[in-house]
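I opened this notebook to record what I looked up in one structure. The entries follow in the order in which I made them.

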Amino acid sequence: MKDGSMTDVHSHLIWGVDDGSRSLDISLEMIRMSVAQGVGRIVCTPHYSEQFHGYNKAQALEKFEQLKAAVGDECELYLGQEIFGSEGMLQKLADGELLTMGGQNYVLIEFYPWESVYNIQRMVREVEMLSYHPILAHIERYEALSDEKKVMELMEQGAYMQINCSDICGHLFDRTAAYCKRLLESGLVHFLGTDMHDTKHRAPKVKAALKWMNSNLDDEYVAEICSLNADKMLRGERI
Ligand SMILES: [Fe+2]
């Protein structure tokens, strides 16, 4: 991984297992597009939800190995999962059936955009009781977390926060972009992701976000959210 490059902790590159990439070639193109914008390391996070009955862990592991072999040194790849927060997933997590971030004790969790803060807090507590550190995926999407105080409370509870790079730079009156920038300026973000699904509609978009962050945020903080926090996560160390 090149010095100063970004780690994308949220991506859908494992083809044919969720609504992300549809072939190895598309995944390779998505990786090329990412590398060209300054990404040096990617965690592949296929969806796990109780609603996707066809999920197969062995298939995800096999395709991840194929992808890694095809990419070579171009980009460092790790495997994780985007886990939909539900009661049933807790048992699956406890049984070791779900994929953790790079095989370490961090898990990426998503919720419905309308999920209550009470349920998010409860899920964070339950995941921690299983000895995992929860990373909340694209927190800019949740109505309940549109109040920065709630984000801070969850951080105090031990949760880590991820936002999508594509949401940081919107148009002039884009409320989501304004909120992402406020979160970044307040130091309430730990990880960045592209949440890329394909090469067109949900392609990797990091260039504008990196430019904005490098011009508006402290260098040390940018280094933390771009790669230093991910270094710790992938070594299983506490951030
Ligand atoms: Fe995602």
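**Entry 1: the metal site**

I took buried as under 20% relative accessible area, exposed as over 50% and partly exposed as in between, with a 1.4 Å probe and protein chains only.

I note that this is a predicted model, in which local features need pLDDT of at least 70 and side-chain atom pairs count only at pLDDT 80 or more, while totals for chains, interfaces and linings use all residues. Residues are numbered from 1 along each chain as its sequence is written, and side-chain values use heavy atoms, with hydrogens and water left out.

Which residues coordinate the iron ion? I found H10 (NE2), H12 (NE2), E82 (OE) and D195 (OD), at 2.0 to 2.2 Å. Donors are N, O and S atoms within 2.8 Å of the metal (3.2 Å for Na, K and Ca); water is not among the atoms, so sites may look incomplete. Along the chain, the donors follow the spacing H-x1-H-x69-E-x112-D.

E82 belongs to strand β5 (residues 82-84) and D195 to the loop between β9 (191-193) and α8 (207-216), so this pair ties together parts 113 residues apart in sequence. Helices (H or I, at least four residues) and strands (E, at least two) are DSSP runs, numbered from the N terminus.

I then checked the angles: the four donor atoms subtend 84 to 172 degrees around the iron ion, which makes the arrangement irregular. Four donors count as tetrahedral if all angles lie between 85 and 135 degrees; four count as square planar and six as octahedral if opposite donors are over 155 degrees apart and all others between 65 and 115; anything else is irregular.

**Entry 2: strand β7 and its neighbours**

In strand β7 (residues 133-136), H133 and I135 point one way and P134 and L136 the other, and all are buried. Strand β6 (residues 106-110) runs parallel to β7 and is joined to it by four bridges; strands pair if DSSP finds at least two bridges between them. L108 has I135 as its bridge partner in β7.

β7 also pairs in the parallel sense with strand β8 (residues 160-164), over two bridges. Here L136 stands opposite M161.

**Entry 3: the whole chain**

I counted nine helices and nine strands in the protein chain. Of its 239 residues, 51% count as buried. The C-alpha trace spans about 40 × 40 × 30 Å along its principal axes.
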